[in-house]
Amino acid sequence: MIKNHTGQTNSARRDIASTIHPYTNLKLHEAEGPLVIAEGDGVFVRGEDGKMYLEGLAGLWCVSLGFSERRLADAAYRQLLKLPFYHNFAHKATEIGIELAEKLLSIAPVPMSKVFFVNSGSEANDTAVKLVWYYNNAIGRARKKKIISRTKAYHGVTVASASLTGLANNHRDFDLPIANILHVECPHFYRFSLSGETEEAFASRMADSLEQRILSEDPNTVAALIAEPIMGAGGVILPPATYWEKIQRVLRQYDVLLIADEVICGFGRVGEVWGSSVYGLKPDMLTCAKALSSGYIPIGAVMLSEAIYDVLVRQSEKIGVFSHGFTYGGHPVSAAVALETLRIYEEDDTLSHVRRMAPLMQAGLQRFADHPLVGEIRGIGLIGAVELVADKAAKAPFDPVSAVGPFLAKRAHHHGLIVRAVGDSIAFCPPLIINETELNLMFERFRLALDDTFGMVRERGLVESALVPAAAN
Ligand SMILES: Cc1ncc(COP(=O)(O)O)c(C=O)c1O
């Protein structure tokens, strides 16, 4: 492959000249350029330099069936030949869209009435917010509009969904969040529990604090809580024991709707089809995307309860139209790929495979628990994270300026593994089809990157002094 004097390939130079990259330091990108991915094979992707990377994050938490599932390509091709576009506006429908909606309703974690198709997780959550507002206006609760989210939640990047996202950089200088979006505490037991507090007591404190917030805002102004059953992009944060039952008790008491964001959890990631099933969530609305099509094609969906649907029907009759919808919502090619994805999950019994691999994945992660850099290991099913700390005993994080997590992710790339650094938490979310050998390879490569990182932080004196060899002190 031809490289110029900066070591950049031709395609890297063209990328720098032409493309803005999401979630990227744009200045650094101008100097370093992209890793250009050329093709995929199972749980691996190949860089244009020929190097094979194990994709430890399934792309962006989505490529559940790996990067070479022929059936999905065939399903798209067949549908492209048959009917490449149609929409759902103004009483139009497609057979494939109807079939997908029926399938989703049949596997919903709680009885759901209808499906509204969108193209992404962000659009799904934006739609959910709009539906909550429309619903409360329709039933004469014009003040009940506030949506509660949580610090470290990830719900997307459109104006409303970025407002729901509880990460500072998603708001900073974007003039977000918009009005009527609130954030309550992140239920991360390791980080935010008090000394001696049990998980149950911590969960009670989180629920009490939610209740206090609803009361201080005025329950007549609080419409809904949106939440991922387990928080993904904020660092793979699992709810503490009893959290969801306590939170839902508060929501019921103050007539606050629950929107479950299943964009990462949905379709088997956590060892059940839905995160809601694992933790007993009873959502009024559910949003999903990503593994709905194994990430092969953009599609998302919002499912909603009969009670909400009934109100939408009445209100649209009153106004004359339900004025919401995306050109590509329910696109037949996306629907065909999604339907084929759901068929493969069933025919291959992907869920049973996940349940067989999950203990290996979680045990593999736990093997790093004793490492001096590791503060917490967390995970469930085929998702997990390793949180790096400067001082294990004190749980002291590194100064974010040191960018220890990103350093590890870069070393992982060097060793042929793609993982994501969420600050100093390293997230793992491999394709659901990963096998035992590949899991072992993922952890072998991670260990190399972790050891490299340990070397770097000791050299730079970033860890507690006991870990730094005498000569370096
Ligand atoms: C839980 C959750 N919700 C919503 C989104 C946003 O989805 P998209 O990037 O498809 O808009 C994501 C993306 O990572 C997510 O993890």
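The structure contains 13 aromatic pairs, where rings of Phe, Tyr and Trp (its six-membered ring) pair if their centres lie within 6.5 Å. This is a predicted model, in which local features need pLDDT of at least 70 and side-chain atom pairs count only at pLDDT 80 or more, while totals for chains, interfaces and linings use all residues. Residues are numbered from 1 along each chain as its sequence is written, and side-chain values use heavy atoms, with hydrogens and water left out.

**Aromatic pairs**

- The ring centres of Phe189 and Phe202 are 5.6 Å apart with planes at 70°, so this pair is edge-to-face (planes over 60 degrees apart; under 30 is stacked and the rest tilted).
- Phe189 belongs to helix α9 (residues 189–192) and Phe202 to helix α10 (residues 199–217), so the contact ties together parts 13 residues apart in sequence; helices (H or I, at least four residues) and strands (E, at least two) are DSSP runs, numbered from the N terminus.
- Phe189 is partly exposed at 25% relative accessibility, whereas Phe202 is buried at 0% (buried is under 20% relative accessible area, exposed over 50%, partly exposed in between, with a 1.4 Å probe and protein chains only).
- Phe267 and Tyr345 form a stacked pair, at 6.5 Å centre to centre and 25° between the planes.
- Phe267 lies in the loop between β8 (257–261) and α12 (275–279) and Tyr345 in helix α14 (residues 332–347), so their pairing ties together parts 78 residues apart in sequence.
- Phe267 is buried, with a relative accessible area of 5%, and Tyr345 is buried at 10%.
- Phe368, Phe428, Phe443 and Phe446 form one aromatic cluster.

**Charges over rings**

- The charged end of Lys114 sits over the ring of Tyr309, 4.2 Å from its centre (NZ of Lys or CZ of Arg within 6 Å of the ring centre and within 35 degrees of the ring normal).
- Arg458 lies over the face of Phe454, 4.5 Å from the ring centre.

**Pocket and cavity**

- The second largest pocket holds about 980 Å³ of space (a pocket is an open set of points on a 1 Å grid with protein on both sides within 12 Å along at least five of seven lines).
- Its lining comprises 28 residues, with Asn88, Val115, Phe116, Tyr309 and Phe322 nearest the centre of the second largest pocket; lining residues have an atom within 4 Å of a point.
- Elements giving two or more residues to this lining are α5 (95–107), β4 (114–118) and α13 (306–319).
- Residues lining the largest cavity include Trp61, Phe267 and Leu432 (in a cavity, a 1.4 Å probe fits but cannot get out).

Technical notes: Points joined across faces, edges and corners; volume = space filled by probe spheres on them.
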